[in-house]
Amino acid sequence: MSTKREEQIIDTYYTSIHTLHRRNANEERWLRYMQKDGRFLVSFRKCPVDWSPYLQDIFTTLIEIRWRTMFLFFSLSYILSWIFFGLLYWLIAYINGDTQSVDNNPCMDNVRGFTEAFLFSMETQATIGYGHRGMTENCIGAIIVFTIHDVFSCLLDTIVIGIVVAKMASARKRAQTVGFSSCAVVNLRNGDLCLSWRLGDFRGNHILEGFIRAHLVRYVKQREGSVVMLYQELDLENPHVVLAVPTTIIHKLKPGSPLYRMAPDDLLEEHFELVVCFTYTGDSTGLLHQTRTSYTPADIRWGQIFQDILKVGKRHYKVDYALFNETTWVSVPMLCAEAYEGERRHPNEDDSLIPPVTENGNIYWATIDCPEEVVVRTSL
């Protein structure tokens, strides 16, 4: 027969689970600070005609714009340059009288009108050289314009190639192949409550060095209506990561942690985000990259653990990324870390079972007095 304490544990447990499910459904009502893909939901309001920050750093601006906008910009830069120098060549030919007579000494061979001047400009800049039109030694002005045009074409080609290469090697593309788990979990590790999440590299080549940081971010509304963002850094057990295989990042819920006094019920009422950043150097390009994500309280699963995805084969270590985000229930007390440490110092004799939880066709039984991550699964 269940005691009063057992009934309270059961009611609290199921209430927390159902409330968490409702919170997941209504999560979008609360504005996130960062999306799951690492993009910040921050917009800047400024003078609409103030383009100076973008023009002063035009290289970064061209890298950040979309591909179709960049192609349009570079196509226009080439076409407008052909037209501009074509007008100069036509003006030289007009002043020299090449457009009125074919018997004088021309500045440029076979350039009698604007169409020929435009083609001569395009052939010069693109170094096509059909052999029908060419520069002569009769006009020093035409030779000067031709020299300037040649130097300008080399500079423009260098800029275009450099920006295209930099855009193709953008850190954002590499960051899409390094991912965090879709959720974070709270479970017992060596008798201590810990918050953890997974990090993995989905490419064949590996990251040999990286550093991970985590901040708890929340905003506080002031009386004047302004908003203040508060940041608290979390101490991690393994901030330096060698990402040859997926690894689990661990934060121990100890005194000084912002989650030390938060129980499962408290998480349901909190409004914060756990912003995680992984900075690393790619072994193929040597460029510095960063992958980011965030976890809200609804993304934190209390009393679960990630499934094992690493196995030892005869010749290789085998990683099953199909289980990268999969979790299972384990025995975890439904208490904050502070209360749990207090109970460990003064244990009660009426510790009892947490009721079973059904998930994916299986029943998971767990006890709150078991110090290890042990779970018994019964198939339905």
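User: What should I know about the source first?

Analyst: This is a predicted model, in which local features need pLDDT of at least 70 and side-chain atom pairs count only at pLDDT 80 or more, while totals for chains, interfaces and linings use all residues. Residues are numbered from 1 along each chain as its sequence is written, and side-chain values use heavy atoms, with hydrogens and water left out.

User: How many cavities of 30 Å³ or more are there?

Analyst: Two. A cavity here is a set of points on a 1 Å grid over the protein atoms alone where a 1.4 Å probe fits but cannot get out, and lining residues have an atom within 4 Å of a point. Grid points are joined across faces, edges and corners, and a volume is the space filled by probe spheres set on the points.

User: What lines the second largest cavity?

Analyst: Its lining consists of Val186, Leu195, Leu253, Leu259, Met262, Leu267, Ile300 and Trp302. The second largest cavity holds about 40 Å³ of space.

User: And how does that lining split by class?

Analyst: Eight nonpolar residues, no polar and no charged ones. Ala, Val, Leu, Ile, Met, Phe, Trp, Tyr, Cys and Pro count as nonpolar, Asp, Glu, Lys and Arg as charged, and the others, Gly among them, as polar.

User: Surface next. Which residues form the nonpolar patch?

Analyst: Leu72, Leu76, Ile79, Leu80, Ile83, Leu87, Trp90, Leu91, Tyr94, Ile95 and Phe114, with about 1,000 Å² of accessible area together. Patch members have over 30% relative accessible area and no salt bridge, and nonpolar side chains (Val, Leu, Ile, Met, Phe, Trp, Tyr) are joined within 5 Å. The areas come from the Shrake-Rupley method with a 1.4 Å probe, and for residues only the protein chains shown count as cover.

User: Which element gives the largest share of the patch?

Analyst: Helix H4 (residues 67-96), with ten residues. Helices (H or I, at least four residues) and strands (E, at least two) are DSSP runs, numbered from the N terminus.

User: Is tryptophan 90 buried or partly exposed?

Analyst: Tryptophan 90, which lies in helix H4, is partly exposed at 31% relative accessibility. Buried means under 20% relative accessible area and exposed over 50%, with partly exposed in between (1.4 Å probe, protein chains only).

User: How many salt bridges does the structure hold?

Analyst: Five, where a salt bridge is a side-chain nitrogen of Lys or Arg within 4 Å of a carboxyl oxygen of Asp or Glu.

User: What does arginine 213 pair with?

Analyst: Glutamate 233, with the closest N and O atoms 3.1 Å apart. Arginine 213 sits in strand E6 (residues 207-221) and glutamate 233 in strand E7 (residues 227-233), so the pair ties together parts that are 20 residues apart in sequence. Arginine 213 is partly exposed at 36%, and glutamate 233 is partly exposed at 44%.

User: And arginine 218? Which residue does it pair with?

Analyst: Glutamate 270, at 3.0 Å between the closest N and O atoms. Because arginine 218 is in strand E6 and glutamate 270 is in the loop between helix H8 (264-269) and strand E10 (273-281), this pair ties together parts 52 residues apart in sequence. Glutamate 270 is partly exposed, at 22% relative accessibility.

User: What does glutamate 338 meet in a salt bridge?

Analyst: Arginine 261, at 3.3 Å, N to O. Glutamate 338 lies in helix H9 (residues 337-345) and arginine 261 in the loop between strand E9 (247-252) and H8, so the pair ties together parts that are 77 residues apart in sequence. Glutamate 338 is partly exposed at 32%, whereas arginine 261 is exposed at 59%.

User: Switching to backbone. What is phi of asparagine 110?

Analyst: Near 60°, a positive value in a residue other than glycine. Asparagine 110 is in the loop between strand E1 (108-109) and helix H5 (114-125), and is partly exposed at 33%.

User: And where does asparagine 190 lie?

Analyst: In the loop between strand E4 (184-189) and strand E5 (192-201). Phi of asparagine 190 is near 55°, a positive value in a residue other than glycine, and asparagine 190 is exposed, with a relative accessible area of 75%.

Terms used. On a 1 Å grid over the protein atoms alone, a cavity is a set of points where a 1.4 Å probe fits but cannot get out, and a pocket is an open set with protein on both sides within 12 Å along at least five of seven lines; lining residues have an atom within 4 Å of a point. Patches are made of residues with over 30% relative accessible area and no salt bridge: like charges are joined within 9 Å, nonpolar side chains (Val, Leu, Ile, Met, Phe, Trp, Tyr) within 5 Å.
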